[in-house]
Amino acid sequence: MISHADRRTLLSWLGLGASAGVLAACGGSEARAQSFPVSMSEAQWRKKLSAREFDVLREEATERPYSSPLLKEKRAGTFVCAGCDNPVYSSKTKYDSGTGWPSFWAAKSGSVGTRTDRKLGYARTEVHCARCGGHLGHVFTDGPKPTGKRHCINGVALDFRAG
């Protein structure tokens with residue numbers, strides 16, 4: 001039988017171990033450490049972007065599911081990065097994933113970059129704009145053919161250009 005003191009010690013060590021993993025996962029952003037063709041100071045980004053756009057694109061926040069008007073966008077056209085107008089997704093690759101975020105089975109060639117994101121305590125693939133480094137969302141392996149990928153993208157990180 002474990003005494004109260006031993007139980008407290010064990011729980012303290014378990015909590016410390018879990019906290020260390022979470023804190024390590026929340027370390028610096030690889031995307032921010034990279035150099036991108038479009039680069040601005042934090043003040044310049046804040047001036048250019050709305051508060052919600054800044055939170056998602058520059059601080060890697062996630063918008064609420066089903067909150068983006070782009071979720072229902074069905075016209076032919078191109079989805080561009082809201083930070084720098086980089087064409088990142090074609091409407092031809094958009095589909096309804098049922099997740100509450102605009103989803104695509106492929107990005108335009110060379111338009112995005114990826115890195116490993118461990119903020120939730122497990123590895124996910126984060127996707128960012130290749131031109132400005134803005135956080136777009138995440139890529140999962142449960143998408144449709146032909147790629148099997150689901151680019152789950154924050155609508156606030158995108159603008160739509162019809163045509």
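**Close-up views of the predicted model**

**View 1. Strand 8 and its partners, strands 4 and 7.** S103 stands opposite C152 in strand 8. The model is predicted: local features need pLDDT of at least 70, side-chain atom pairs count only at pLDDT 80 or more, and totals for chains, interfaces and linings use all residues. Residues are numbered from 1 along each chain as its sequence is written, and side-chain values use heavy atoms, with hydrogens and water left out. Strand 4 (residues 103-104) pairs with strand 8 in the antiparallel sense over 2 bridges; two strands pair if DSSP finds at least two bridges between them. Helices (H or I, at least four residues) and strands (E, at least two) are DSSP runs, numbered from the N terminus. Strand 7 is also joined to strand 8, by 4 bridges, and these two run antiparallel. Here F140 stands opposite R150 in strand 8. Within strand 8 (residues 150-153), R150 and C152 point one way, while H151 and I153 point the other way.

View 2. Strand 1 (residues 77-81) is held to strand 9 by 5 antiparallel bridges. T78 has R161 in strand 9 as its bridge partner.

**View 3. E73, in the loop between helix 4 (51-57) and strand 1.** E73 counts as buried because its relative accessibility is 14%. Leaving aside residues up to four places away in sequence, E73 touches F79, K94 and F160 (contact means heavy atoms within 4.5 Å).

**View 4. The largest nonpolar core.** This core has 23 residues, where a nonpolar core is a set of buried Ala, Val, Leu, Ile, Met, Phe, Trp, Tyr and Cys residues joined through side-chain atoms within 4.5 Å. The residues with the most contacts inside the core are L57, F79, Y89, L136, I153 and L158. At least two core residues come from each of helix 4, strand 1, strand 2, strand 6 (124-129), strand 7 (135-140) and strand 9. Helix 4 gives the most, with 3 residues.

**View 5. Aromatic rings around F104.** Rings of Phe, Tyr and Trp (its six-membered ring) pair if their centres lie within 6.5 Å; planes under 30 degrees apart count as stacked, over 60 as edge-to-face and the rest as tilted. The whole structure holds 3 aromatic pairs. F79 and F104 form an edge-to-face pair, 5.1 Å centre to centre with 70° between the planes. F79 lies in strand 1 and F104 in strand 4, so this pair ties together parts 25 residues apart in sequence. F79 and F104 are both buried. The rings of Y89 and F104 are stacked, because their centres are 4.3 Å apart and their planes at 20°. This second pair links Y89 in strand 2 to F104 in strand 4, 15 residues apart. Y89 is buried, as is F104. Ring pairs link F79, Y89, F104 and F160 into a cluster.

**View 6. R58 and the ring of W45.** The charged end of R58 sits over the W45 ring, 4.2 Å from its centre. A charge sits over a ring if NZ of Lys or CZ of Arg is within 6 Å of the ring centre and within 35 degrees of the ring normal.

How values were computed:
Buried means under 20% relative accessible area, exposed over 50%, partly exposed in between (1.4 Å probe, protein chains only).
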